[in-house]
Amino acid sequence: MQAFVFIEVKEGALVQGSLEAITAAKTIGDATAVVVGYPELAAKAAEYGAPVICVKADGANPDEIVASLEAVAKAKNADAFFFAGTQLGKDLAPRLADRLATGCVTDVTGLEVVDGAVLYTRPAFGGTVIEKLKNHGKVQVATIRSGSFDKPAAGAAAAVEEFDPALGDVVKAKIVEAAKEITEAVNLEGADIIVAGGRGMGDAEGFKLVEELAAVLGAQVGASRPVIEEGWISRAHQIGQSGKIVAPKLYIACGISGAMQHISGAMASKYIVAINKDEDASIFGVADLGIVGDAKQILPLLIEEVKKRK
Ligand SMILES: Cc1cc2nc3c(=O)[nH]c(=O)nc-3n(C[C@H](O)[C@H](O)[C@H](O)COP(=O)(O)OP(=O)(O)OC[C@H]3O[C@@H](n4cnc5c(N)ncnc54)[C@H](O)[C@@H]3O)c2cc1C
């Protein structure tokens with residue numbers, strides 16, 4: 001199978017989720033990366049082992065990107081086209097699927113080829129069920145959930161091919177200005193360590209312990225929804241079904257019960273530590289390490305210990 005991956009560029013850098021999608025593509029066949037615009041980044045993308053098609057178009061305009069990807073898919077007889085599960089990926093994937101008269105599977109966490117057909121695994125109903133599905137269209141189009149696949153190791157650069165889609169006038173809408181909220185600076189999706197706090201931290205003062213532990217660990221701060229509703233921290237920190245989906249190497253959940261709507265956003269974490277005073281809390285069902293106790297007593301000890309070891 002010839003699987004293509006759209007390599008997203010944000011603020012001058014390759015988006016990690018796109019690189020993870022290369023690994024996803026390799027599970028079903030030969031992977032080719034596609035960089036639209038940004039010729040200066042094509043060689044960087046090629047370091048991740050897949051040959052790169054560098055498309056001559058405006059990589060900052062979604063209309064040009066989608067038209068370019070359609071041209072690549074048709075010229076190269078693509079069997080599959082994958083995207084990172086980012087805001088842009090979720091915008092482009094269904095548009096490309098429509099142009100290729102196929103379906104689009106979103107939020108994919110696993111892939112396999114069964115009897116010659118791609119079988120997708122993805123969470124549904126807020127992560128309460130894991131479903132398997134097939135796209136019966138001719139071309140497979142999907143968005144890959146961040147953290148579900150490892151980024152390929154960088155090494156010897158693969159080949160870069162230039163491609164001119166000869167688009168003509170395809171732009172229907174132009175982004176004139178993108179307003180950036182300060183809260184967007186919270187990079188939970190790219191974090192290696194997240195310390196998250198829940199209602200069990202008691203109040204805004206108690207929640208500061210979560211922020212303090214995150215600071216000494218060089219981690220990002222996450223939170224459950226009640227914490228946001230109480231106003232202890234901004235919405236940009238919410239993890240879960242109606243918040244962000246994260247996949248750090250280490251997720252430390254403090255005073256979080258483990259409701260499915262929260263855990264569905266953190267279940268791709270590689271190692272979960274849970275601190276909860278209720279030994280029956282459902283968070284312990286998904287934790288790799290569970291600590292039964294009062295987070296307000298345990299966190300100061302942890303903070304001191306980390307400081308000592310530093
Ligand atoms: C449509 C929908 C979408 C939702 N989206 C989200 C979402 O995106 N993210 C999200 O988080 N929630 C979401 N929720 C809410 C979710 O269902 C839960 O209500 C929420 O996750 C619970 O948050 P919590 O674990 O902090 O609080 P609680 O459920 O109140 O749990 C607090 C936990 O802290 C423990 N605790 C108390 N004191 C201490 C202490 N001193 N030390 C240690 N442990 C202590 C308790 O034993 C308990 O387990 C959503 C709900 C719906 C209906």
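In which strand is alanine 80 found? In this predicted model, alanine 80 belongs to strand β6, which covers residues 80–84. Alanine 80 is buried, because 23 other C-beta atoms lie within 10 Å and 20 or more are needed for that class. Leaving aside neighbours within four places in sequence, the contacts of alanine 80 are Met1, Ala3, Phe4, Ala25, Ile28, Val118, Val139 and Gln140. Of these contacts, methionine 1 is 79 residues away from alanine 80 along the chain, while the two C-alpha atoms are separated by 7.5 Å.

Strand β6 also takes part in the surroundings of helix α1, which spans residues 16–26. Nine of the 11 residues of α1 are buried, so the helix is largely enclosed by the rest of the structure. The buried residues are Gly17, Ser18, Leu19, Glu20, Ala21, Ile22, Thr23, Ala24 and Ala25. They pack against β1 (2–6), β3 (13–14), β4 (30–36), β6, β8 (110–114) and β11 (140–144).

The loop between β8 and β9 holds aspartate 115. Most residues other than glycine have a negative phi. Aspartate 115, although not a glycine, has a positive phi of about 50°. Aspartate 115 is exposed, with 6 other C-beta atoms within 10 Å. Strand β9 comprises residues 117–124 and includes alanine 117. Alanine 117 has 12 other C-beta atoms within 10 Å and is therefore exposed, since that class takes in counts of 12 or fewer. Between alanine 117 and lysine 134 the C-alpha distance is 7.4 Å, with 17 residues separating the two in sequence.

Aspartate 91 is found in helix α4, residues 87–99. With 14 other C-beta atoms within 10 Å, aspartate 91 is partly exposed.

The domain assignment of the protein chain gives domain 1, residues 2–163, and domain 2, residues 182–309. The centres of the two domains, taken over C-alpha atoms, are separated by 31 Å. Nine residues from domain 1 and 11 residues from domain 2 make up the contact. On the side of domain 1 that touches domain 2, one residue is nonpolar, seven are polar and one is charged.

A second residue with a positive phi is alanine 166, where the angle is near 45° in a residue other than glycine. Alanine 166 is placed in the loop between β12 (160–163) and β13. This residue is exposed, and 8 other C-beta atoms lie within 10 Å of alanine 166.

Helix α5 is formed by residues 204–217. The 14 residues of α5 reach 20 Å from the first C-alpha to the last, close to the 20 Å expected at 1.5 Å a residue. Phe207, Leu209, Val210, Leu213 and Ala214 are the buried residues of α5. Seen down the helix axis, these buried residues fall within an arc of 135°, so they line one face of α5. An α-helix has 3.6 residues a turn, so residues three or four places apart point the same way. Ala204 and Glu205 are exposed on the other side of α5. The cover over the buried residues of α5 includes β13 (193–197), β14 (220–223), α6, β15 (250–254) and α8. Just after α5, glycine 218 takes a positive phi of about 70°.

The ligand has 27 residues around it, of which Gly198, Gly200, Ser224, Gly240 and Ser257 come nearest. Elements giving two or more residues to this shell are α6 (225–230), α7 (260–263), β16 (271–276) and α8 (295–309). Two of these elements, α6 and α8, are also included in the cover over the buried residues of α5. By class, the shell around the ligand contains seven nonpolar, 14 polar and six charged residues.

Definitions and conventions:
Residues numbered from 1 in each chain as written. Predicted model: local features only at pLDDT ≥ 70, side-chain atom pairs only at ≥ 80, totals over all residues. Near = placed C-beta within 6 Å. Helix = DSSP H or I, 4+ residues; strand = E, 2+ residues; numbered from the N terminus. Nonpolar A, V, L, I, M, F, W, Y, C, P; charged D, E, K, R; others polar. Domains from an automatic or database assignment. Contact = placed C-beta atoms within 7 Å. Expected span 1.5 Å × (residues − 1). Arc of directions from axis to C-beta.
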